[in-house]
Structures are given as C-alpha cells and as structure tokens.
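Hello,

Here is the structure we spoke about handing over. Please look through it first; my notes follow below.

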Amino acid sequence: MTTFMALAPLLAVVSGALAALLFEAFLKRKDHGVSAMAAIISLFTAGFLIVRSWGLELAYFGGRLALDPLALLLMAVFVLIATFVLLMSLEYAPRRDINLGQLCGLLLLAVSGLMIMVSSTDWLVVFLGLEVLSVASYALTGIRRNDWASSEAAAKYFLMGSFAGAFFVFGLAILFGATGDLSLAASLSGPGGPAGSPSLASVFGLGLIVVALFFKIAIVPFHMWAPDVYQGAPTPVTAFLTIAPKAAGLVVLFRVLTPLPGRGGTPSLLMQAVAVAAVLTMFVGNLAALRQKDVKRLLAYSAIAHSGYLLVAVVAGDGTGLVFYLIVYMFMNAGAFGVLAALSGRGEEHTWFADLAGLGRQHPWLAASLAIFLLSLAGIPPTAGFLAKFYIFSAAVAQGHVLLAVAAVLASLIAAAYYLKVIVAMYMQDAELEPVLDRENPALHLVIFLCLFGVVQLGLWPGNLLTLIRQAFIALF
Amino acid sequence: MAELFWLIPLIPGASALLLVLFGAKLSRRWVAWQACSAVFLSFLLSAVAFVHLVRLPPGAPGLTKTLLAWISSGPFASSIAFAFDHLTAVMALVVTGVGLLIHVYSTAYMAEDRSYARYFAHLNLFTFFMLVLVMASDLVLMFVGWEGVGLCSYLLIGFWFERPAAAKAGMKAFVVNRVGDAAFIIGILFLLDNLGGSSFAAINEAAASGLLSSGLVTLVAILLFIGATGKSAQIPLYVWLPDAMEGPTPVSALIHAATMVTAGVYMVCRLSGLYAASIPASTVVAWIGAATALFAATLALVQNDIKKVLAYSTISQIGYMFIGCGVGAYAAGMFHLVTHAFFKSLLFLAAGSVIHALAGEQDMRRMGGLRKHLPVTFPVFLVGALAISGIPFLSGFFSKDAILTGAFAGGQYALWGAGLLGTVLTAFYMFRLVYMMFYGKERTAMEPGHSIHESPRAMTIPLVILAAFSVLAGYIGLPVFFGEKADLFGRYLASSVKSGSPHIAVSTEGLLVLLATVSALLGIALAFVFYRRTPALPSRLASRFPGIYRLLVGKYYIDEVYDAVVVRPLVRGAEKVYERFDLKVIDGALNKSAAAAGLAGKGLNFLQSGLVRDYALAFLIGAITFLGFLLL
Amino acid sequence: MNAMTANIPLVSIVTFLPLAGALLLIFVRGESVRAVRAVALAVSLLTFGLSLLLFFGFDGKSGLPELVEHAPWLGRGLDYHVGVDGISLFLVLLAAFLTPLALLSSWRAVDDRVKEFSFFMLVLETGMIGVFVSLNLFLFYVFWEAMLIPMYFIIGIWGGRRRIYATMKFVLFTMFGSLLMLVGIFVLYSAYHRVTGGFSLAISDLAGLSLSPALQTWLFLAFGLAFAVKVPLFPLHTWLPDAHVEAPTAGSVLLAAVLLKMGAYGFLRLGIPLFPQAAASFAPALSILAVVGIVYGGLMALVQKDMKSLVAYSSVSHMGLVMLAVFSLNFVATEGALYQMLSHGLSTGALFLCVGILYERTHTRLIKDYGGAAARMPVFAAIFLVVLLASAGLPGLNGFVGEILCFFGIFTSNKVLAALGVSTVILSAAYLLWLYRRVMHGPLKDPDSLLRDVDRRELACLVPIVLLIFLMGLFPGTVLRKMDASVSRYLDSLRTKAPVSLTWKPAARIARPARISGDTAGPAHLVGETER
Amino acid sequence: MIPPAAFFILAAVLFVLGVLAFFVKKDLLTQFMAVEVMLNAGNLAFLALAKSLGKAEGQVIVLFVITVAAAEAVIGLAIIVLIFRQRKTVQTDELKDLKG
Amino acid sequence: MVWVVFLILSFLCIGSVAAMIFSRNQAHNALFLVLSFSSLGGLFGLLDAPFAAAVQVLVYAGAIMVLFLFAIMMFNLRGELPARVKKARLALTVGLGTVLLAELLLAGRKLVLGSPGAGPAAGGDTARLGHFLFSDYLYAFEITSLLILAALVGALALAGKREGS
C-alpha cells in the first residue's frame, strides 16, 4: 500500500481533470468557475502529496513509476506552473471564447502526462506520457477555436508532433532491438554488460528518440513549429507550453544522457552532437528574435534560445543547475507571459511593440514587472536568471566545455539586445495607442506577483531551493 | 622679520583669493587699496629679506622654509618649500617693485573698466605665482609658478574676452606655452628620475660634479630651455607674445615685458650650474637668443602698433639676456633682466599713457606731435627709449654692454656682432617710435570735444619713478672699466649664479663700449633721417624692396607657416580621422556587426516561412545530420 | 574608531543604503516631486556622510582590505565578502560624493518621472559602490553587471534625441566585454576547485592560484576586454561619446566620474593581480594602445562640435594616461593612476555639470551656438575655468598631482611612452581652452539668450567639487598616504607571485570519464555541500 | 523462414516512404496518413527486432503504439475538422498566417 | 512459400503507399492506406504476432482508416487537387529519404544480421500477451486510458458542439 502512494499525485491530478470535465459537462454554467476550483483543489492536493512523498523513494509497477526526488521536484514544478496557468486563465479564457472547464481538464491531463514522463525510467512509459502531454497540448493550443491563429498553431503542432512521434517509435524499435530492454538505464549500456560501451545501434536508436525529444523541447533545427505554436496559442497556454514540456523533455534527456555510476559513459559523439545542437539553438533562437515586432513571438524565440541554455546543462551533466534553471525559468517566463496576458484586451491580443509603448507610464507596476522578468531572462544580475545561467555555464566550464560557455554568453549578448528593446518600448517611447488593459484581474496579478517574488528571491537567496535540488541529486547518484 | 619671507608670495595670493571671492561686492577704492597694499607688503618683506641676505656673511646659505610636504609617492617627492637667496632676491624685488608701480598705475588706467576687481584679482594672482616661481626651491614647485603665471597671462591677455582677438590671443599664449611646458616636464622627469629630486641646489651640484652624464645634462638643459622659449617668447615659440598685446597695457608692462617673460632667463640662471656643464646646450641658448634678438628687432622695424613694437622689442631684449646666459655671463643676463624690467615697463606704461590719452588709439600712424600734450609722458618715454637703445650712462647701456662684453670675452665674436647689429636696430625702431609719436604733425583723429590730456597722477608718478630707475639702475653693475669692484651686481650674485665670463683687458672693453655707443647713435641717426627729416623715405624704401617689406610686415609669415604646417594639418587630420576612422571604421564595425546579427535574424525569419513542409524539411535535414553524425 | 566600526557593517551600510532609499522611494507618491527629491537627496547625502566614516575608520597601514565583512551567501564560494583597501576606498568616496551632486544637478533638468529617475540614481549608486567594495569575484560581477541597468534606464529615458541608440550601444558594448569575463570567472572557479578541492571566488584566494601562462593569457584577455571596454581603451571607445552626448547631465557625470574608473580599477584589482605574467606580457601592447588613446582622444576632442562629446573624448585621452600608468607596473605610476582616476572623476564630473548648466539654459550643446557667455555668467565662468584647468592638469589643482605622478611613474618604466604621454599637456590645454574660448569668450552670441548666472542650487553642486579640486591639488598627501600600503602590497604580490604550476587541462572531455571513475573532482562538484 | 532482416529492411523502406509521402503531399489529411505509415513502419520494425531477439514484449509495445496512433487520429481529425470549418480547406500551405 | 507470401505482402504494402504518394484523390489515398495496413497485418502474422496482426487489421485498417474516410467525405473535397510538388523539392526529399534509409539500414544492420535469424518464436501466444499487459505493462496500459481520455476531451474541445456558437 505504501508503494501505491506512488500513484497518488498522479491520481489526484487525473481525478481533478475528470472532475473539472464533469462539472463542465453537467453544470452548464457560463463561467466554469467550479471546474477551475476543482482543478485548483486537485493541484493543491497533488502538491501536498508530492511534498509528502519527498524522500520516501516510492516506486510502483516494477519501477516504471518511481518517485525519486528528481521526479518529485519536477512534479512540483508542473503543479506550480499549472496553477499559475489556471489562475492566469480565470479571466483570460472567458473573454476569448475559451471553454474554461475544458481548458482545466486538458491542462490537468497534460500535467499528468508530464508527471508520467518525469517519474518513469522506462522508455515506453515515457513515450506514453509524452503522447498524453502531446495530445492534450494540441488541444490546448487550438482551444481558442474561433481564432484562426490558434487553430493554425494547433494544426502545425499536431502535424509536426506526430511526425516527430513516428521518429520516437522507430527509435524505440531500434533501441529495443539493440538492448532487448526499454529501460532508460539500459539505453546506453552495451551488450557486454552494464559497463561496456553501447552498441552503434542503440546509440542510433537513442539518437532517434533524442531527435523526438529535441522536437518537444524545441531544439534547432527541430524547433520550427515552436514560434508559430507559441504565438498562436492562447497566452496562458503558451506560458505552459514554453515551460512544462521543455522541463519534462530535458529531465528525460538528462536522465538518459548523464552517466550514472556503474554505467557506460555517454558516447562522446552523441554528447558532441547535443552540444552542437545547444549552440545552434542558442544562436538561432536569439538571432531570430532580434527583429520580431510582436513581443509574444519574440518571447517564443527566446523560449527556443532558453532550450539551448538548458541543453548546456545537460551537456555539462549539471543536474542541479538544470533543475534550478528550469524553476527560475518557470518563474520568469510565466511572469512575462502573465504580463502579456494582462495586456490583452477583449478579442485581439495586444502584444506588439507599439502596444507596449509608454506602458511604463500607464501601468508602472506591470511594466516594471515585465522589465524585471526580461532582465532575468537576459541573465542580468542580481535576478534569478543570472544565477541560473551562472550555475549552468560554470558547470560547463568545469567540465571543460569552455567554448560552449563562450558561445552561450555570446548568445546571451544577442538576447540582451532584444529583451532591452522591449524595455525601450515600454519606458523610452511614448504611447501611440490608448492603454488596452481592461478590468482588474486579481488572479493574474497574483501570478505576476508570485513570479516576481520568485525571480527576486531566487536571485538573491536561493539557498533552500538549491539545497533541496542538491539533495535530490545526491539521492539520484 | 626676514624669517617671514615665505609670506612674500602668500600675501598677494591671499589678496587675490579675497578679490576672487568677494571682489564683486567690494568698492573700487577698497579693491585698489587692497591690491596695492598686498603687493606693497610683499615688496617691504622682500626688501627686508634682501637686507638680511646682504648682511649675511659670504657663503652662508639663504633663507629656506618648507611649508608643506606636498606630493610624495615612493621615490617621487616634492614639497612646497621656498628659498630666498641672492638671485631670488633680485627677482622678488623686481617683481614686487615693478609690480607695485604697475598696480598703482592700473588703479587709474583701469578706472573705467567694469571688471575692476577681476583685474586686480588677476594681477595679484599673477604676483603670487610669479613669486612662487622665483622663490621655489625645486623645479616642480617652480613649475607650479611657471604654469600659474601662464594662467594669469592667459587670463589677463583675455581680460577683455568679448573681443575675439583678445580671447584668441590668450588661448594662443597658453597653448604655445604648453608646448614648451611639455618639454619642460620631460626635462623635470629626467632630473627626478636620475636625482630622486629636483631641488636646484642638487641639480646644479650634480651637473657640476659630473653625477649626471654630459649627454643627459645637455638633453635636460635643452628640454628645459624649450620650456623657456615658450615662456620667454624665443624662437620658435615666440609667436604668442605679439598677440598678447591684446591685454591691458599695464599687463603688458608687468607680465609681458618686466617679469613673466623673463622667467626663462631666471630659470637658466637658476640652473646655471646645469647649463654651464653643457657647452652644446649653452651654445643653443646663446644662438637662439641671438637669432631671436635680431629676428624680433627686424620685425619691430615695420610695426605700426606701438605695443607690438614694444612686444617685439621685448622678445629681442630677452634674446640678449639669453645670449648672456649662453655665453656664461649669467650675471649679465640677470643684470639686463633687471634694467630691462625698468625701462621696458616704463616704455609700456608710457605707451599706455599715450593710448589712454588718445582714448585707445594704438596705431602710431595716427599719432604725432604729442610732445606738447603730454608733458610728463614724453620725457619719460624718451628716457626709456634712450635706455633701451644703449645710450651711455643709462641703465640699458650698462647691462647690454655687460652681455656683449661677455660674448666677446668668451670668444663668441659672431654673437657679439649680432648683438651689436641688434643695437643699431633697437635704437632705430625705438626712435622711429619716438619720432612718429611725439614729433611731426598731429595725425590724431580725435572726436571733437575730446581733447588730448596728460594722464592722472596715479599713472604719471609710477612713470617718473620708473624713469628714475631706468636711468640709475645701471650703476649697480658698472663694467670693469670703472674698476675691479665696480660690478656690484655681479659680485652680489656670485654666490647664487655661476660666474663664468673671463675678464678682458680694460682697453678692449673701452673699445667695445665705444662701438656699442656708436651703433646706438647710428640707429638713432637713421631713425632721425627716416622719420624726421625725410618722412617719405620709408615708403620709398618699401616700394624699392617690396619683397623684404612685405616679409617684415607679414612677420616672416611664421604664424601662417605654423598654422599651415602644424595647426591646420592637425585639426584637419583629426577631423578626417574622426569621420573616416572613428565614425566609419570603429563605429562602423560595431554597427555592421549589429546589422549582421539583424540580417542573420532576418534570414532566419525568412526561413521561418510558416509552411509546415519547410519545418519538416528542416526537421528531416537536422535528423539526418544528427543521426549521421552518430554513425560516424 | 576601529573598535566602534568593528561591530557595525559599515561597508554594507554604505553600499546598500542607497538601495534601501530607492526602495523607500517606491512608497513615496510620485506626484510630490519635492518629497521624492528630498528623500533621494537625503539618502545620498547620508550615504556620503557614512562613507566619510569609512574614510576615517580606514587605517591603511597593512595594505589589506579593512572593515571586511564576510558572510556565506549562495554557498560554494559565492560569498558575500566586502571591504575596502587603499585602492578602492577613494573610489567609493568618489561615488558617494558625486551621487548627491548629480541628483542635485538634475533638479530642474529632470522634471519628468522624477521618482523613477531618483530610484535609478540610487540603485546606480549601490551598484557603483558595490563594485568597489566587493572582495569576491562573484559579488563583483553581480554589481558590475547590475550597475548597467540603472544607467541604461537613465540614458534611455531621460537622454537626448538618439538616446535609444546610445543606451543600447552602451549596454551591449559593455556587456560584450563583461560576458567574456564571466567565462573567465567560470574558468577560475573551476581551476580553484581543481587545485584545492574547495570552492572559492574570493579574490585573495584566486590570487593565490598559480596559473599556467597560456591560461593566464586567455583569462587576461577575457577580463581585460571587459575592463578595456569600460575604461575605454582605444579602439573600444566609441560607445563613450554617444553615451555621454545622449545621457542626461547626472548620467554623464556618474558615467564619466565613476563608471569609467571601473575599468582601470578592474585591471588593478583583478586583471593584473590575478594574471600577473600575462599582464606583464601584454603591458607593452596595452601601453601602446593607451598612448594612442591619449593622442587620439585629444585630437578627436579638438574637432568635436558638441560640448559633451568633446568632454567624452577628453575622457578617452585622460583615461589613456591612467591606463598607461597602470601598465607601467610601478609604485609611483600606480598611485598616480589612482590619483588621476579621482581627479578625473572630479574634474570631468564637474565639466559635465557645467555643460549641463549651459544646456539647461539654452537647450543646445553645440559649441557654435554659444559665445560670450562669460559676460552674462561671471561666477559660472570662473568655476568653469577652474574645472577646465583642473582637467588640463594645471599645477595646484588636483589634475596636476595625478598627471605628474603618472608621468613620473611611466617615465621610470618607459621614457618614450612617457614623452608621448606628456603630449596630453598640450592637447588638453588646446581643446579645453578652445572650448572655453568658443563658449565663454568672444562677443555674446545671442543677446536675448536665456543665459543667466548660476543659482544657489547649481553653486551647491559645483562648489564642493571646486573645493575638492583645490584640496586635492594642495594636500594630496591625505589621499596618497592611505593608498601607500595597499599599492605596495599590490606590487609586492605581483613580484613575488610564484611561477606557473597549473596547466589548464580540462579534466574531462565530453565523455567525462573522471566522473564515472570516481575522480574526486566530479562527485565533489555535485555532492560537495560541505566545503563552504 | 524469412530472416528478420528482411522485415527490418521493409520497415525501413516503409518509414522512408512515409517520410516522402509527408513531404510530397500537401494536405493535412494525407500528410497525417503518411505519419501513420511511419508509425506502422515502426511497428513492423518492433516485431521484426522482437523476433530476432526472441522477446514477446515487442507485440505488447505494438499494441500501445496502435493505441497511440488511434488517439492521435482522434485529435488530429478533430483539428483537421476545426481547420476545415474555419477555412473550408485542408491544404497545408494555407496555414501560413503565423510566420517570420 | 512463405517467401512468396512475404514478397506479395511487402509489394502490396509498399506499392500501396507509393500509390498513395502519386494519387491525388484523398479518398483513394485512404483506401490505399487501408490496403497497405492490411498487408502489414499479414506481415505481422508472418512474424508470429497473430494478435498484433489482428489488432492491426481491426483497429488500424478498420477503425482508424474508416475515421479518415468519414472525415474525407465530410470535407467533400473532390474538386481540390493539390498543386504539383516542385521538381527540385522532390529531388531533395528523395535524396534525403535515401540518406535516411541508408542510415536506418546501417544502424539496424548489426541487429538483425548479427542475430540468429529466426529465434525461438516466443510471444506468439496471446494468453501470455495478456499476462504481460496486466502485469509488467499494467502501468502503461493504464496510461493508455489517460491518453484516450485526453484525445477525447481534446477532440470535444476542438470540434465538439458549442452551446454558444
């Protein structure tokens, strides 16, 4: 029975999803507040269960579901980001013909997929979790069904996603053929035993899977869906999509690519390829963002670039840095999209540079928040974004990847250019348009405030969190 | 009392400070009194200190006082310390004495000016810095005074800053001086580096004892002398002094004739040990002096602005002083410095009186016959002119003679000849001035109702005093002719200044004196012929030798040459470099790299075509490459 | 004094008081401009007052950092570690001294979004002071980068017409340099870890590392670029004129007076002590660049049409001299460089204040639009002149002391470079007096112009600086004595630095066998919670 | 017996053909069908390799993949329907509002 | 004999996919796919995976493809003929496809050639399969339910009826 506890957080989320959907289907209320409430309660419950599971090393289904500290941390992140997204959507959804109840259900289903992904050490389960996540994400992307951009984004996401999914399947097949086992741990162990070097076929099979995961976390050149989808999706959903699937994908990558004691090392070719992809991602993401006129799309590209930074952590084998970065990234990115969501009026979203002009005067708090999020994204101290980058890049250097770190900081420089451009618009240009903010939106403002708090707190005193993450990795190794 | 000698510079300094801070609120009377009495007090103190010094037994050290350990860092140390020895005493007395007279003179001369307090503040400040310069016990502190007087010169030349010419002249003076100062600093650096300090005593001693290599001595001496050519308006840095006449005339008298411009001479005398130790450097000094003396004298021949004539004359006379220094007759150089201070300030002040009388007119072609109108000014001017021309028994005669004798005695016959020729020219241009100003027809273009009148007493009394000194000052340094001990001045200075020139036979000296007298008279006679008897002669001569005339009037086009060779290429070049390099290359590279990033972004945005097939293509290419890489 | 200050974290108070003030400002109503200004000014004055305590509490005999505060912060060597020594003390004072004046100077110039302005100024002050007091490389970098942001806003919001271009250029250019420094910091961090097994970014610890020449070279280049951009060293100077021209007066003042000093300070505190051999081998090249900067900056200043860019180029020239002195690597030159940094901070700051005063009246900075201003503004004319002359190094004023020490120090190292450096004496006089002549002298350009003499507030800005200009010119000993021990310690450390032992060889390439084979480095990195 | 290699080759060819079809076809529906081909190729590979290893799990996994394909088909068709309702077309190239 | 079956099935499978590539009618495409998937089912059978074969034919060729056909008929897109693909693009994709094929074969070579051809035909037994599903793969099996739920809700959210609209 204790091991059955391993299933509890997942069950909480799934039952929340079901409850939300049932309320949506049968209560016939206009605003679906009940669904949202159910969803939030279930998320809180899940959060509570996650915290309770800390340190217990619960495992179930022969280890296919294992609540190691890393998984728990990530689950907590997912619960948190889902809560943020829900709060952001409370006002946002009804004003844009989005069915909040369905949104809640899909969001929670996506979260359950994410939880499955990060808490398993079996490729098949990871794949299924990924598919749950994907299917829910496609629907979330297109959930603003009257909006052409939203459905276009959904179609593109779906088409590319299923294409990538096929690669995953084929990779699974080859991996299975090579090792006869689909556990993550076995992927890179050779036929001669756990310590031997992996066979070419298993590396190749893993490569196919890595490609599919790269697609999910938007690594260049598998990233091209991302800007369109992030732009087309409703803003809270974008916040979710830029953070959660990326986190899950990266953690899976980290689990498989980072050698554990007593297991064969990752082939250097694979790591080099990943490093090259990281560099490409950082540069392409940042360069492409330079000339964007729409801040939402700009942040979409920035999200791609951040995948590159995060990949550096994977290359450097710095799990602590990776998770810390992910958490920080969650706060700053969710915060940034939160502000964008706050700026949207009824119907059209107002996320163009011209819309932001003069914001510093009209809505000083919103503008200041966005500025801080952007500075954090740019990695400027003393925000959390800087600290996160510091850990990752310094780990890369400590592992001898000096050039990778140089590339990363140069890419950050390009990034700084466009983040600052947004600030230019907000503070240094005068408004040409009327302010677009409509009513008060306390839930959204709460999210923004929490994110702000996170960004500042983690930049200055991340102590407990870092300790926690380090503990998680000590347990892992 | 003499121990308080360190107050000598500080009193005018304090007065200057007060005037700067509160001048605008003080009454003119008070300003005048304060400024004058400050200088007077300094003068009194200088006199007391001088008397103290004279009473000391021979060989006893002068007065010294360290006020403040100023800059000290590792091996570099310089303190604010004053010294008062025989040489200093001479300068201090001249500075405060002549300075006092000029202060008094100015109370009347500047009476009408709006910025009365500012003027006296600057004048006091100048006195302060000049006294710092002469009382400094090391080279670094001397440099403070050196730069300080330069600053005051700048301020006073540009006193009427609304006049563009004045503003320009002030700036020119400062910048040209700075060129010399740069060399001066390098010279100081050499000394500091090799001696660990820059006190004069140490330098002179090190040079004399051979502690410094001869090459280094020469190098340092020449570097410092370059500084002196700036301050003392010698070739090649003399160009600022004629322009400096834009300042008020008393300023010209004090700064640009009597005191500041002679700082270079003082410096060379102060470091006579150093210069004496280097024959090449001394030769350079002497020849620059001689060249300047002649060169400036020729320019003075054709100037029509009375102050400009006097300015070139000053340049020329300082050249004489340098000849003296260069041939080792340092005392003679100092002697000429002193006498020159008297008669040249006399001439300037008298010219100022004339200008004052003519309501600002400075062009001698519009003067004439002023003899009658200016009963005091005319005689004193005449005395000054006679003194500078070297007419026997006036001060200029003795001092110039001392220099020429020194040159002759040192075997530098060419220098002596140049000096003699200069005497002719000097006498000629001075009497050209006298004749054109005071004799002949009245050519003044005065407005009706404005009559020419003699200046007030505050102006004439200093003139008379200066005239008296111009006559008498020569007797402190009589030539050997009058006996072995007649050269009081030389003997007095012997303890501070290297005495060099060998004595020559009395008969030879007599001959030299005679020749000098004759050449002075010749100059006067020529001037009489040209400007009194046949006034048409100059213009005829000018049309006969148009080239020479134009060259002289154009001041040998040295200003133009400097402009064309140094200033303009520098400025134009800098402009070009700014546009072509700074903006285009450096900044351009930056902007280009930013644009390149933008372009790359544009390219990527183009690739992001919105078409799923393109996305899939990128995916496929990426996957194939990635996987192919793994298969390698 | 020491007994008293021992218990009080004075350095931290001085550093963070402005930040606290800035946060306080958030709660002041933006509409009550007077209150905002009063609070900001009071805070900055209080900071200055406390920084004076720093000055008096500083002993300076040991040459070691004093008033040190050390506390764990982020763990693993990323500690909070501050203190002042003879090298940093006066730069702290400079920043604390100039901020209130800069605030005061913008009383009228900035009347839009005053609250934000004051906020950013105070944040900037914390950043500036923080850079100087940091004894931990991480902390240093945090302040170093963080300081960019308030300046970015100050130029970008309250700047001139091309402010956005200028501010972006400023930030990106300086960031470009400092990001490579960040990589250098990573390398040092891991090198320290590899050698000792522990974690530290304390500057003193890092200075104890012996790095191989090749590694030193790379690291010196990485750090040096950051500092050279900030100085700015020719040819990395082009951000400076733009930033200065567009910045509001207060921004220009702090930019010129304090921010530029950070580059030279960086070399003194980090670039040279951490990589002495590389520094020595690069010294000739950098010296040549510095000399080129001196002449180049001077010549460029001669042909500027805008007062501010003239002053900006004069900074290039003056800072070139500072760099030349820094790389002469001897005692006098180093003290001279430090002194010259202070003097330049004062005089250039004051120059910008003066230009700002003119600009406030006529709203033009073009030299040709002025003429004869001295007639209308006699008091201003006098102050302006003093400031100019201080900048031109007139003896008796502060500039001279720094210059002559620099000259002497450089001279003992290299006579030719010193001789070339002395050219600044001519050039600075030329461009500064040319400026003065065109602006203040000559006939009054526009008789109806709004030029009026300085008022009390403006006097309150300028007079303290002028007083200091005189004081520092006449009594340099007060400052130099407190520097002596630190400077000689700095030079000793360069001399005694043991040669080469560590070669930069990454322990593990991509496959990272080290980690797997249980090498101490790997697990320690992940597990080592205990070291610090 | 037919060696598993033959099946594997067939699977690979089928996968590549699916990829080609995905590129050649220009409407959402057919492109999605191409993806289905790719998935099926994966299944075939699974079975072939399972056979060569002699492991039965291959078949189980194939079942899961088929389920996944079914789920994707559901959501995919829903999206295609949504697109068609909005635009009256399912041409992929019509989806180009979001770009740049 | 088995070879003949194998060859016929492979030919059908590949041929129908090829036909799908060249056909321009969506309905035909779907039918080709049905054919292809059915023959794949046969191939599964040859691999001793009868259950998989059955599921393949029933679920895939049957249910899923019928869904497609419904969709196609709903869209009623008879007249719409997509434009031809550009030659260069076609060449590029064919080239890339060849490379991909080569890579796949290269990677898979060791696996299948190295193995002893036909191993003991384990797993042919459906009962064991069921056992697997409800023991080792129970968790995965549960997740499929989640997956289908997500797909359903998603489809409902995207294409379902709206009370408002």
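**Notes on one residue and two chains**

B:Ser198 is buried, at a relative accessible area of 2% (buried means under 20%, exposed over 50%, partly exposed in between, with a 1.4 Å probe and protein chains only). This is a predicted model, in which local features need pLDDT of at least 70 and side-chain atom pairs pLDDT 80 or more, while totals for chains, interfaces and linings use all residues. Residues are numbered from 1 along each chain as its sequence is written, chains are lettered from A and ligands numbered from 1 in the order in which they are written, and side-chain values use heavy atoms, with hydrogens and water left out.

B:Ser198 sits in the loop that runs between α6 (164-195) and α7 (200-209) of chain B. Helices (H or I, at least four residues) and strands (E, at least two) are DSSP runs, numbered from the N terminus. Leaving aside residues up to four places away in sequence, B:Ser198 touches B:Asp138, B:Leu139, B:Val140, B:Leu192 and B:Ile203 (contact: heavy atoms within 4.5 Å). With B:Val140, the side chain of B:Ser198 reaches the backbone nitrogen at 3.5 Å.

Chain B has 25 helices and two strands. Of its 632 residues, 61% count as buried. The C-alpha atoms of chain B fill a box of roughly 115 × 65 × 55 Å along the principal axes. In chain B, 80% of the contacts with a separation of 6 or more are between residues 24 or more positions apart. Chain B exposes about 22,500 Å², and 69% of that comes from carbon and sulfur atoms (Shrake-Rupley method, 1.4 Å probe).

Chain C has 23 helices and two strands. Its radius of gyration is 23 Å, close to the 24 Å that the globule rule gives for 532 residues, so chain C is as compact as a globular protein of that length (taken over C-alpha atoms; the rule is 2.2 Å times the number of residues to the power 0.38). The C-alpha trace of chain C spans about 85 × 60 × 45 Å along its principal axes, and 70% of the 532 residues count as buried. The accessible surface of chain C is about 15,500 Å², 68% of it belonging to carbon and sulfur atoms.

As for the chain pairs, eight are in contact, and chains D and E share the most contacts. Chain C does not touch chain D, the nearest C-alpha atoms being 24 Å apart. Nor does any contact join chain C and chain E, where the closest C-alpha atoms lie 22 Å apart.

Regards

Conventions. A polar contact is a pair of N or O atoms within 3.5 Å; within protein, one must be able to donate a hydrogen and the other to accept it, and residues adjacent in sequence count only if both atoms are side-chain atoms.
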